[in-house]
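Dear colleague,

Please find below the structure that I am handing over to you.

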Amino acid sequence: MTSIQDWIWNERQQIGKDYESVEEVALYNESHSEFRDLKLESREILRLIGAKPGMKLLDIGCGTGIFAIEAAKKGLEVIAIDVSKTMLEYAKVTAKKAEVSITFEEGGFLTHTSPPSSYDLITSSFSFHHLPDFFKFIALDRLRRLMKSDGKLFIQDVIVEHNNYEDNINQFIDRQESVGGDFLREDAIQHFQSEYSTFDWVLEGLLKKAGFQIVDSSIQGGLLGRYLCTIA
Ligand SMILES: C[S@@+](CC[C@H](N)C(=O)[O-])C[C@H]1O[C@@H](n2cnc3c(N)ncnc32)[C@H](O)[C@@H]1O
């Protein structure tokens, strides 16, 4: 008999950037540090989501693990998942050097399994755009069930405001070029051309239909969005 497994998105395929590439992963922190202070950003997010020692947090698309490590340093129980084995290997080495304990698992929005109501906090930064919108809804529907009834979901990503979208995207690409040369220019172009960033009104609709209530949101420069949600 047919099941969702027959038609679900294959989240292990690399879309746009190849995060299974050892060279790409080795460059990740350095290139992102051109436009993000990764540790400071992590601490800011932990404050925003009300992270407290002992809370159970699932970080999806953990990448090189900086956020997961900051969360573990704060005393949270952290499960960090990613579909890229290369990213996970890198993150594990970094966590070991930082002397923190984190459960790293291979998996993603659509493949991670935990019992219902497992998490106080679910976070994801710059990873949700790897799913097309149709599968974003299915992912959110799954995440709602994984969250405790008083849990919080935090999503940060390239989320584009509909007003002025063309100018904002062009200015963003120019800004990326000014801080990181051709590498970050191409990175940004590839993002819009081949990955699945979405508009604010689409994401907001998906969140609401999946049973979330948006309690805080901001969109910087018309395209860097943060959404903090509870279960409606
Ligand atoms: C741009 S990186 C973001 C890493 C990190 N969260 C950060 O803020 O820097 C995107 C990450 O999402 C992962 N990824 C891609 N598709 C995914 C999926 N369906 N589920 C979970 N992670 C995914 C990639 O392997 C990559 O490590």
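In what follows, a residue is called buried if its relative accessible area is under 20%, exposed if it is over 50%, and partly exposed in between, using a 1.4 Å probe and protein chains only. This is a predicted model, in which local features need pLDDT of at least 70 and side-chain atom pairs count only at pLDDT 80 or more, while totals for chains, interfaces and linings use all residues. Residues are numbered from 1 along each chain as its sequence is written, and side-chain values use heavy atoms, with hydrogens and water left out.

The ligand

The ligand is surrounded by 19 residues, and the closest are E11, Y28, G61, D82 and S125; a residue counts here if one of its heavy atoms lies within 4 Å of the ligand. Sorted by class, this shell comprises 9 nonpolar, 7 polar and 3 charged residues. In that sorting, Ala, Val, Leu, Ile, Met, Phe, Trp, Tyr, Cys and Pro are nonpolar, Asp, Glu, Lys and Arg are charged, and the others, Gly among them, are polar.

An N or O atom in the side chain of Y28 is 2.6 Å from an oxygen atom of the ligand. A polar backbone atom of S125 is 2.9 Å from a nitrogen atom of the ligand, and a polar side-chain atom of S127 lies 3.1 Å from a ligand oxygen atom. Taken alone, the ligand exposes 600 Å², of which the protein buries 95%; these areas come from the Shrake-Rupley method with a 1.4 Å probe.

The space that the ligand takes is the largest cavity. A cavity is a set of points, on a 1 Å grid over the protein atoms alone, where a 1.4 Å probe fits but cannot get out.

Backbone and individual residues

Helices (H or I, at least four residues) and strands (E, at least two) are DSSP runs, numbered from the N terminus. Most residues other than glycine have a negative phi. F126, although not a glycine, has a positive phi of about 55°. F126 is placed in the loop between β4 (119-125) and α5 (133-146), and it is buried, with a relative accessible area of 18%. N164, likewise not a glycine, has a positive phi of about 65° and is found in the loop between β5 (147-160) and α6.

Helix α6 (residues 165-194) contains D182, which is exposed at a relative accessible area of 57%. The C-alpha atoms of D182 and R36 are separated by 17 Å, the two residues being 146 apart along the chain. Q193 also has its place in helix α6 and is exposed, with a relative accessible area of 66%.

The C-alpha atoms of G16 and N164, 148 residues apart along the chain, are separated by 25 Å.

Finally, L206 lies in helix α7 (residues 200-209) and is buried, with a relative accessible area of 13%.

Yours sincerely

Technical notes:
A polar contact is a pair of N or O atoms within 3.5 Å; within protein, one must be able to donate a hydrogen and the other to accept it, and residues adjacent in sequence count only if both atoms are side-chain atoms. On a 1 Å grid over the protein atoms alone, a cavity is a set of points where a 1.4 Å probe fits but cannot get out, and a pocket is an open set with protein on both sides within 12 Å along at least five of seven lines; lining residues have an atom within 4 Å of a point. A molecule sits in a cavity or pocket if more than half of its atoms lie within 2 Å of its grid points.
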